[in-house]
Amino acid sequence: MKKTAISVKTQILAMACVMGLQCGAESAVWSDWIGIHGAAPPPWESAFLVPLGSEQGGYELVGDGTDPSDSHPAPSAAVFDATGQLQSAFWLDAPADAYDAALVPVENGLYFAHVIGNDGAVEAGLFDAATGQARFVRRLPGPADPDEIICECLEGNRIAIVQLLDDSVRVATLNEAGDLIFKREYQSSSFQAPSEGGLPGLSSVRTVRFDALPNGDGYFLGVTVTVQTINPGIPLEISTEARLALLNLKPDGTIRWKETIPLPGNFTPSIQFAPDGAPILLAGETEMDLLLQKMAFQTILAKLTSTGGVDWAQRIPGARLGWISFGLQGKWWLYGIAMEKDLMFATDVVIAQFDPATRIFDAQARIDNPGVDFAYLLQKTDDRVYLLFNTGTEDGAFVPSLVSFHRDLTHPVVRTYGHPRSSCVAFWSEQDDALLFSAFDSESNRVEAITVPPDLNVVGECPLWSEGSLQTVSPDLESTSLSLAPEVLEVSVSTPSIDLEEGELALQSWELSRGPLCGGGPPQPAAPVLALERAGNGLVLKFPTESGVRYTILEAGSLTGTFEPVGELDGTGAEAAFPVQLEGAAGFYRVRAALP
């Protein structure tokens, strides 16, 4: 299908199809910069572009900023349609006492917003993407001095608010109408950090995770406790205890099963879910010898049963693997870091294909380029594997590269971006069957978005990319059997005496500036959004007013036909509308906006 690049000077805002005829769909080809037009919202500190799912189509932009007056967070977001045209843009002006806030587009034309205050209170709600009006906003009062608070929008537009206290976890979940599903408090001594023996502990870390089960039949709650303790003696010894408390919850918040898994060392565990719904434990450990200036990595990988037991567990020395991507033909892709040539605090990127049936590695590679800090696995196909890796610079920026391997991790193709940036991300866009790369330029406060085809043959009007080089060696990873013995988790469940209140969050609209990455004059405001309304036997195309934009309406008898001008509108008046009669209409309409 032909893909049309987006031009900032002449933008196709929309295509209207007469009812009864099938509309054609085009996909965006991104090679644009996107920035904030005007004074609101506050400047971004980071921002990136994400493709939405293939069924919904379109793209979302998420930006994080801070209000310079009092340093409270000011997140912003925007939604683009499948052709790359702006649909809506809003920002969340959080209260001055907020320490965390987020605004994220979610499915079905909604934005999810939340604010966490310094007093532990949480406000969260869903907003219509078209208007920015709240469907609901709820406030949950906070307990005194919570250790951690998370607020997330789960599958089905459910909202979860989780508060980690001294020896308990409070959970409240809401449905997409803002009604309470359940509120529970889970109390256990296993949620507490144990008292340190000997000298004071080096560190005591507790984290909580809450998510919906992949089959939709409940929720998953995990609490990790890791403690390092100095034991007196000659020489001094450092002992480490780590444990993961797991609760599998029914849809009403009652417990289906519960257990604690002790981990032998300073491991940082995480839980992911395999395609069959089984929980997968992945825990990495870093051991440091400050005297010898060396680090050592190892990983524990375990598959849990649906009832909470351990199906199997493996120890993988030599690498700290922190992410799993479940691939084709039942294979798993693991990636993380390995120590670089016995140098303290210098690491290489490791990627490996793991067969859970045999528990051996089918393929593995270590990227041995100097200075490569971290990498992300982007996509697996029948033939290729794609990664984004970043090489650090002396001033703290990153030089990103896109890498494509054959699925046996040979024959790498490398494309390096020509500009160091403060942050870079990439995603596989199913709707475009291509990579969507975005980099944040902190100096000009803008996002640079580029579509990259699967062969990484990036052709542009200016040299944004160059051929890179890649050195790979075998990390020689081996997987050996490990015994993990779950223990009984003693936990009590109660209903906390907290009530939801009406919240007061509100979204503010804002304008984008946008232009081509290669040349193009001063920043321009993005063209406003087209709206369609039914009017009797016709359609009315409506546009925002007082924008200084002139609109030309073009008509054609087919999607591939010649579009001829049939009308013109001056968008500087009180109203701009163009009627289209269904009877006798040619069938396809485009609107061209000439920006001032």
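## Confidence

The protein has an average pLDDT of 80, and 77% of the residues score at least 70. Residues 1–25 have a pLDDT below 50, although the model gives this stretch 70 contacts beyond near neighbours in sequence. Residues 520–524 also fall below 50, and there the model shows eight contacts beyond near neighbours in sequence. Where pLDDT is low, the predicted coordinates should not be read in detail.

In soluble globular proteins, nonpolar side chains tend to be buried together. The largest nonpolar core in this model holds 23 residues, and those with the most contacts inside it are Val 169, Tyr 186, Val 208, Phe 210, Leu 221 and Leu 247. Two or more residues come from each of β13 (148–154), β14 (158–164), β15 (168–174), β16 (180–187), β17 (199–212), β18 (219–231) and β19 (237–249), with β18 giving the most, five residues.

Leaving aside residues up to four places away in sequence, Val 169 touches, among others, Val 162, Leu 164, Tyr 186, Phe 191, Val 208, Leu 221 and Val 223, as well as Arg 184 and Glu 185. A second, separate core of 21 residues includes Tyr 59, Leu 436, Val 447 and Trp 510.

## The largest pocket

The largest pocket has a volume of about 1,300 Å³. It is lined by 22 residues, of which Val 50, Cys 153, Glu 155, Asp 211 and Phe 427 are the closest to its centre. By class, the lining comprises 13 nonpolar, five polar and four charged residues.

The elements that give two or more residues to this lining are β5 (44–51), β9 (98–106), β13, β17, β21 (267–273) and β33 (423–429).

Conventions
Residues numbered from 1 in each chain as written. Heavy atoms only, no water. pLDDT = per-residue confidence, 0-100. Contact = heavy atoms within 4.5 Å. Core = buried A, V, L, I, M, F, W, Y, C linked by side-chain atoms within 4.5 Å. Buried < 20%, exposed > 50% of the residue type's maximum accessible area, 1.4 Å probe, protein only. Helix = DSSP H or I, 4+ residues; strand = E, 2+ residues; numbered from the N terminus. 1 Å grid on protein atoms, 1.4 Å probe; cavity = no way out; pocket = protein on both sides within 12 Å on 5 of 7 lines; lining within 4 Å. Points joined across faces, edges and corners; volume = space filled by probe spheres on them. Nonpolar A, V, L, I, M, F, W, Y, C, P; charged D, E, K, R; others polar.
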